[in-house]
Amino acid sequence: MTQNQITRNPGTEINLDWINNIQANTSATERRAATLGARRSIKKDHQAAWLIKAISLIDLTTLAGDDTEQRVRRLCAKAKNPLRQDLKEALGIGDMNLTTGAVCVYHDMLATAHKALEGTDIHLAAVSTGFPAGLTPHELKVAEIKASVKAGADEIDVVITRKHVFKQDWQALYDEVREYREACGDAHLKTILATGELATLRNVAKASMVCMMAGADFIKTSTGKESVNATLPVSLTMIRQIRDYLHLTGYKVGYKPAGGISKAKDALVYLSMMKEELGDEWLEPELFRFGASSLLGDIERQLEHHVTGHYSAAHRHAIG
Amino acid sequence: MNIKEILKTMDYGTAPESQTAANEWLKQSPFGHFINNKWVKGDNHFDSINPATGKKLAQISQADNVVVNKAVKAAEQAAPKWQALSGHERAKYLYALARLIQKNSRILSVLETLDNGKPIRESRDIDIPLAARHFYHHAGWAQLLDSELPDHKALGVVGQVIPWNFPMLMMAWKIAPAIATGNTVVLKPAEQTSLTALYFAELCQQANLPEGVVNIVTGDGRVGEAIVNHKDIQKIAFTGSTAVGRKIREATAGSGKKLSLELGGKSAFIVCEDADLDAAVEGVVDAIWFNQGEVCCAGSRLLIQESVAERFEQKLQERMTKLRIGDPLDKSTDVGAIVNKEQHQKITEMVNTGVKQGARILQAPCELPKAGYFYPPTLLADVAPGDLVVQEEIFGPVLVGMTYRTPAEAVDLANNSRYGLAATIWSENINLALHLAPQMQAGVVWINCANQFDAAAGFGGVKESGFGREGGFEGLFEYLKPSDFSAKKSAQKANKASGESIATDAMDRTAKMYIGGKQVRPDGGYSYPVLNAKGTTITQAGLGNRKDVRNAVEAAANAKQWSKMTAYQRQQVMYFIAENLSLRTDEFIDRLKDFGHSPGAAKKEVEQSIERLNYYAAWCDKFDGRVHAVPMRAVAMAMHEPIGVIGIACPAENPLLSFVSLMAPALAMGNRVVMLADEAFPLPALDLYQVINTSDVPAGTVNILSGRHEDMLKTLAGHLNLDALWYFGDQAGATLVEQESALNLKRTWTHTEAKDWTSVKARGKTFLRHSVEVKNIWTPYGE
């Protein structure tokens, strides 16, 4: 797989004219989203391959108040060995170093996870900046990022201040994200828009563009804690902005839908959407991640079915 | 390819839909015809070809006249009973057919894709579900017909000829409303794509449809011709090319057959600078790369506002690289095969011509299958309005692109076409979108969407895209006739001037004509005597000629103000006309006494004329459109728009009342009119200009000509800037009107029997319906 071939997005000056002219037609976006699943069909070995690909793109996540070190160690073990070895053999990828893209935890669990992932290529992501509401004091948010980077996180998932969006105060949003980017240093910055709270696709589109201008490496839909998380229309809206940003600046920004993607079939639709709208580069972990906790289980079951012809059961696969 | 390799390429692989069941069914080939719910053995078989492979699918029979006669006979015999069934009973059959289409949806989809070459995704997700939807919707109309359209009756036997681009869907569009309203049907599918119609025949058997209600005969244009010319058929419904539609109009001229034509198009696709450009790009995909662009309403003329043209083209070009062209049965195919070799050739030639004329060609960089007839999605940019590829329908996946500067220029370019089927507008500004939509000369307008169809919304064109609507409430009238108001035979009066024409003398006693708001003398300088009932010359009237017709149509065409006024303003003017007429009651009574009316009859006619003006004034702001309940989050407005300029050749009966009864509904709906006054006794009509002149009617709105109808009719019927022509007169005149109207496919409404203008049936919604075009404007909403 291609590693580190993507030039990091350094961000640009804020271009308010550009942002104010962004359009997003909800009905048309929904119509396109509704046909995505019907326009491409991926069957048999191709489906198996695409599902294996999907595993490599998962940010295996636990973000619960009752997380413990043991729980996080278990998650990391799953990230390192996401698929049963006998299934890998049967699929002809026995020798492949298949891992998830990253493990994603709260700051408190970083040390444990960092240790558990030592010696692997698996990225370690921390949610930050007063996740999930993002209403802690600004200086604490910046400090939190720095602390997480110090604790071993090489990816920081920040939440944006939603009120900036509602006030259409793009300068404030830009300044905030810009500071987060600086605080990240070499760690990659994923900006969570909490799209379920932004109310309109137009807001989603504009906030996406501001975050990219401010230097986001990834734009991400949701914390997983909003009542509506990743959806196809929201995803289309965001990745179209990624495409425009690429045209505008030449920089490629990654996309991470998070929350609500729990079926292998849904993952295939998301991947075909990325391939259709942005191209094959967005099928690699440098530019695409699923923020998901239960998706992996369904993929494992589907792959076992592909190998054996029998519908599988959850208890046949190790839990994370 | 093993999984490791796939992981490198991340290809989709293949996902072909199974054709096993379809192949099994096709073993019945060679096919015959379906008459009286039975298969009639056919002969003169020809091959039905799968355009994706070039291989034979089945053998279809070429019907001869004997077969067509047999089918018409069957339909004729079935008609009375079918019509006599209660709406509820008929609804049950339509409902059963809808269910059967759904139950057999997969095999129908596969057959459609094999036969036509369209992607299985489209036949599976669009064609077949919509076909079922049409039967469900019209099952409902069958049920509601008695209560919603009393005083309307079925026509009898309907002949239907459909094209190859949406074989099953077009069949449903035709058959469902026809049989819902109590007609029986003889349908001919296109010879390239007969299979789903033949499968549908089996569903008719399974639904236990009464014998003869639906008859299906197969074959090429000769069979269509036999249907079109059949004397026992009361209506022809045709979907296809404008050239064939024109021939059908000519062939049926004077036959008394009702006609609806859904023809070609060159529909504009307007992208405003404030559009969601990514959404508009998908709109283009839906508009021109849906069904290989073989769509009559395809948005094939792209008009982009200059300020976003470059960005839009870049996006469009990128999108083209993602289109997958190939095996139509593969579930991941976007664009399938062109229907046959001839069509493929035609597209190739037209594109070559376009490039020769200076177009910049952009094509999807895709590899085409070696076998079969495939054509890559194509954009011809930098074209000019006069280029062949801009003017003519290509009927393939080819889009032509131009830019515009202002909304007004977009309107000019969009309407710069002989066609008028559909238009698409992309803008995030509701003011702009709803500013443009009414100005589009088209039967359907899609705002921020493209190629949306539903049984609840009417579909059909204006100008040379044909006439009539399919679907929706408005579509029902194509298959119904309103109750008649013919006069008793004895009342028939010759509408011919008598006496020689004479040069106008200096001491002018000639009743003048009225053109462009002015009294004018006839261009030719001749007049003719007008006789009273006793045969005495009482005055002379101008003898209009072709130049007077030209001048009148031009005046009417330029008098756009009337059509732009609000209904309330038009209403005020019409009340004013009525008021001014009532002031001159005595004068008009005297005129009508000359005509031969008794004083009582004369008084009654003037009073009824005043009443009728008031009646249509009342309708001005009430005969409004509908909002159709389409199955999506959208407002689908069926707007009533004026047709434009209507020519009206008035009858001999009741020279004032008939004139007013025809002029008033046309005016009420915002049309301008060119009236040919009653030939023998034009005086009340000519007198009326003084009333009109003093009633705030904008100049050119009403134009009144006198003279011999046969001198003027041909010019009027053949005038390419006249939008409709109503004719009341003899058979020869009706034939002439319908024949000449074929040139620009103007709407005609002809009558060869004398009417009872005093009847309450001589007024009403039928007149208003003939005075409007129904434009369906689809506006999805949601933020």
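Two residues are in contact if their C-beta atoms, placed from the backbone, lie within 7 Å. Please keep in mind that this is a predicted model, where local features need pLDDT of at least 70, side-chain atom pairs count only at pLDDT 80 or more, and totals for chains, interfaces and linings use all residues. Residues are numbered from 1 along each chain as its sequence is written, while chains are lettered from A and ligands numbered from 1 in the order in which they are written.

**Figure 1. Where chain A touches chain B.** Here 31 residues of chain A are in contact with 31 residues of chain B. On the chain A side, the elements that give two or more residues are α2 (26-39), α3 (44-56) and α12 (264-277). Of these, α2(A) gives the most, with eight residues. Helices (H or I, at least four residues) and strands (E, at least two) are DSSP runs, numbered from the N terminus. The touching residues of chain A divide into 10 nonpolar, nine polar and 12 charged. In this count Ala, Val, Leu, Ile, Met, Phe, Trp, Tyr, Cys and Pro are nonpolar, Asp, Glu, Lys and Arg are charged, and the others, Gly among them, are polar.

**Figure 2. The open sheet of chain A.** Eight strands line up in the order β7-β6-β5-β4-β3-β2-β1-β8, with parallel pairing. Two strands pair if DSSP finds at least two bridges between them. At the edges lie β7 (254-256) and β8 (290-292) of chain A, each pairing on one side only. Neighbouring strands are turned by 25° against each other on average, direction ignored. Axes are lines fitted to C-alpha atoms, for helices over the stretch in contact, and angles run from 0 to 180 degrees between N-to-C directions. Look for β1 (residues 58-61) and β2 (residues 102-105) of chain A, which pair over three bridges; T61(A) stands opposite C104(A).

**Figure 3. Strand β4 of chain A.** Five of the five residues of β4(A) (residues 155-159) are buried, so this strand is largely enclosed by the rest of the structure. A residue is buried if 20 or more other C-beta atoms lie within 10 Å of its own, exposed if 12 or fewer, and partly exposed in between, with C-beta atoms placed from the backbone. In a regular strand the side chains alternate between the two faces of the sheet. In β4(A), E155(A), D157(A) and V159(A) point one way, and I156(A) and V158(A) the other. Four bridges join β4(A) to the parallel strand β3 (residues 123-128) of chain A, and I156(A) is the bridge partner of A126(A).

**Figure 4. The mixed sheet of chain B.** This open sheet has 10 strands in the order β13-β14-β15-β12-β11-β16-β17-β33-β27-β26, and its pairing is mixed. Its edge strands are β13 (360-363) and β26 (626-628) of chain B. Within it, β11 (residues 267-271) and β12 (residues 299-305) of chain B run parallel, joined by five bridges. Helix α11 (residues 277-288) of chain B packs on the sheet, touching β11, β12, β15 (398-404) and β16 (422-426), and its direction makes about 160° with that of β12(B).

**Figure 5. Helix α4 of chain B.** This helix has 17 residues (87-103) and should span 24 Å at 1.5 Å a residue, which agrees with its end C-alpha atoms being 24 Å apart. The expected span is 1.5 Å times one less than the number of residues. Its buried residues include G87(B), Y93(B) and L97(B). What covers the buried residues of α4(B) includes α5 (105-116), α6 (120-148), α7 (167-180) and α8 (195-206) of chain B.
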